Amino acid sequence: MQRSAAIETESLQRARDQVAQARHLVCLTGAGLSAESGIPTFRDAQKGLWSRFDPAELASEPAFRKAPGRVWSWYRERYESVRAASPNPGHKALALIQSRARDCRIVSQNVDDLLERGGASNVYRLHGDITRCKCSECARPWAHPASPWKHEAPPTCDCGGLMRPDVVWFGEFLDPAIWNRCLEAAANCDVALVVGTSGMVAPASDLPELAASQGAAIIEVNPERTGLSQWADLWLQGSAARVLPALVPSARPAGD
Ligand code: NAD
Ligand code: ZN
């Protein structure tokens, strides 16, 4: 039977109970979480100013080597839109869910800092942080007090290498320490909340399946069905800013 477009009250109630009762909760977030803060998802970006370019072809080391100025400008513009944005009710709700949970790990594919600015702590930043830069040659972080993004072209490191955003590009490895924490969190959780991700970027997209294979209940929050919906016990059709506030438990569980 087809689900109606509205979120079913019963599903919402079940999801709220599962979140409140979780012993080990994992929240996996994607670009959709920040969409209502005005930060385009990759899909949105394909409609906008940069629609002539495929993000997969800009967000890579070979692209940077070939045209560092162009890649820098693309990220500089994205950085400026992050800086101008504010956390939306979805970010704030996740922070509240985390603060009221027994144990809640947030795994974010987002490179913006809106979860932290919304009050979340200890976010596992799987794909890095666009507010920071590092050297493309020696990996040293940008050490000057003024933001590297003030420069219209990539500034240079003391070693002579060009600075680049501290994000994980296509074709690059994730930080193994962070990835191991994510794997452990997904393997040990009893409830996983999967928010605003298309599930098209591996290996982050493997986490819901891993959690499901260990018996966790998977709750998906997304206006659309995704490649991850097959693992979801509950699909809450709607936007993060609308649905997540309805999942915040009223208080910390008794006895904890
Ligand atoms: P994606 O662009 O592939 O998919 C976005 C998903 O969000 C889609 O499934 C869409 O239906 C859903 N969505 C759209 N609006 C939503 C809303 N208001 N509430 C909830 N869901 C909504 O994004 P992805 O899965 O995160 O993967 C793409 C990659 O792009 C990631 O590696 C990520 O690092 C990068 N990215 C990050 C940002 C950011 O940091 N804000 C923005 C764009 C892309
Ligand atoms: Zn260097």
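Two residues are in contact when they have heavy atoms within 4.5 Å of each other. In this predicted model, local features need pLDDT of at least 70 and side-chain atom pairs count only at pLDDT 80 or more, while totals for chains, interfaces and linings use all residues. Residues are numbered from 1 along each chain as its sequence is written, and side-chain values use heavy atoms, with hydrogens and water left out.

Take Ser 205 to begin with. Ser 205 sits in the loop between strand E6 (191–195) and helix H10 (207–213); helices (H or I, at least four residues) and strands (E, at least two) are DSSP runs, numbered from the N terminus. Ser 205 counts as buried because its relative accessibility is 14%, the limit for buried being under 20% relative accessible area (1.4 Å probe, protein chains only). Beyond its neighbours within four places in sequence, Ser 205 is in contact with Gly 199 and Leu 228.

Now for the nonpolar cores, which are sets of buried Ala, Val, Leu, Ile, Met, Phe, Trp, Tyr and Cys residues joined through side-chain atoms within 4.5 Å. The largest has 29 residues, and Leu 193, Leu 244 and Leu 247 have the most contacts inside it. Helix H7 (89–100) is one of the elements that supply at least two residues of this core, and H7 gives the most, with four residues. Leaving out residues up to four places away in sequence, Leu 244 touches a list of residues including Leu 33, Ile 97, Leu 193 and Val 221. Apart from this core lies another, of 23 residues, among them Ile 39, Ala 63, Phe 64 and Trp 149.

Conventions:
Chains are lettered from A and ligands numbered from 1 in the order in which they are written. Buried means under 20% relative accessible area, exposed over 50%, partly exposed in between (1.4 Å probe, protein chains only).
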